[in-house]
Amino acid sequence: LVQLVESGGGSVQAGGSLRLSCAASGYSGSYYSMAWFRQAPGKEREGVAATYRFSMTYYSDSVKGRFTISQGNAENTVYLQMNSLKPEDTGVYYCAASPFDGRRQSYEFEYWGQGTQVTVSS
């Protein structure tokens, strides 16, 4: 059974930082695409950041320069360091994984975590 478990969400004031973690288990191979998505109340799920083979990364324009995605030393782990948080960063953050490289859209990811809440107050 494939499982993705996120942790690290919470409440913080604007300008603060949080670090999200995602650990994937139950898959014997490697996830070549691992990503973070978020969903605010009443809005569609949007891609925030992704990491691929050869340390390639993607960031949405709204988080570029503030968020950093990185792979952990343990295989199939990924982190999202979020700095200079803004109220508009509030939402449920989901970790997603795919054994295929270059995935970008939410429908392209086969595996999802349960989500972790991030709340940024002004």
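The model is a predicted one, and I began with the torsion about the S-S bond of Cys 22 and Cys 95, which is about -80 degrees, so the disulfide is left-handed. I then placed the two partners: Cys 22 belongs to strand E3 (residues 18-25) and Cys 95 to strand E9 (residues 91-98), so the bond ties together parts that lie 73 residues apart in sequence. The S to S distance is 2.0 Å, and my count came to one disulfide. I checked accessibility as well, and noted that Cys 22 counts as buried because its relative accessibility is 2%, under the 20% cut-off, while Cys 95 is buried at 0%.

Next I searched the whole structure for salt bridges and found five. One of them pairs Asp 89 with Arg 66 at 2.8 Å, N to O; this pair links distant parts of the chain, with Asp 89 in the loop between strand E8 (77-82) and E9 and Arg 66 in the loop between strand E6 (57-59) and strand E7 (67-71), 23 residues apart. Both Asp 89 and Arg 66 are buried. I also noted that salt bridges with shared partners join Arg 38, Glu 46, Arg 66 and Asp 89 into one network. Within it, Arg 38 and Glu 46 meet at 2.7 Å, N to O; Arg 38 is buried at 6% relative accessibility, whereas Glu 46 is partly exposed at 33%.

Last, I looked at the largest pocket, which holds about 150 Å³ of space. Its lining includes Tyr 31, Tyr 32, Tyr 52 and Arg 53, and by class it has five nonpolar, five polar and two charged residues.

Terms used:
Residues are numbered from 1 along each chain as its sequence is written. This is a predicted model: local features need pLDDT of at least 70, side-chain atom pairs count only at pLDDT 80 or more; totals for chains, interfaces and linings use all residues. Side-chain values use heavy atoms; hydrogens and water are left out. On a 1 Å grid over the protein atoms alone, a cavity is a set of points where a 1.4 Å probe fits but cannot get out, and a pocket is an open set with protein on both sides within 12 Å along at least five of seven lines; lining residues have an atom within 4 Å of a point. Grid points are joined across faces, edges and corners, and a volume is the space filled by probe spheres set on the points. Ala, Val, Leu, Ile, Met, Phe, Trp, Tyr, Cys and Pro count as nonpolar, Asp, Glu, Lys and Arg as charged, and the others, Gly among them, as polar. A disulfide is a pair of cysteine sulfur atoms within 2.5 Å. Helices (H or I, at least four residues) and strands (E, at least two) are DSSP runs, numbered from the N terminus. Buried means under 20% relative accessible area, exposed over 50%, partly exposed in between (1.4 Å probe, protein chains only). A salt bridge is a side-chain nitrogen of Lys or Arg within 4 Å of a carboxyl oxygen of Asp or Glu.
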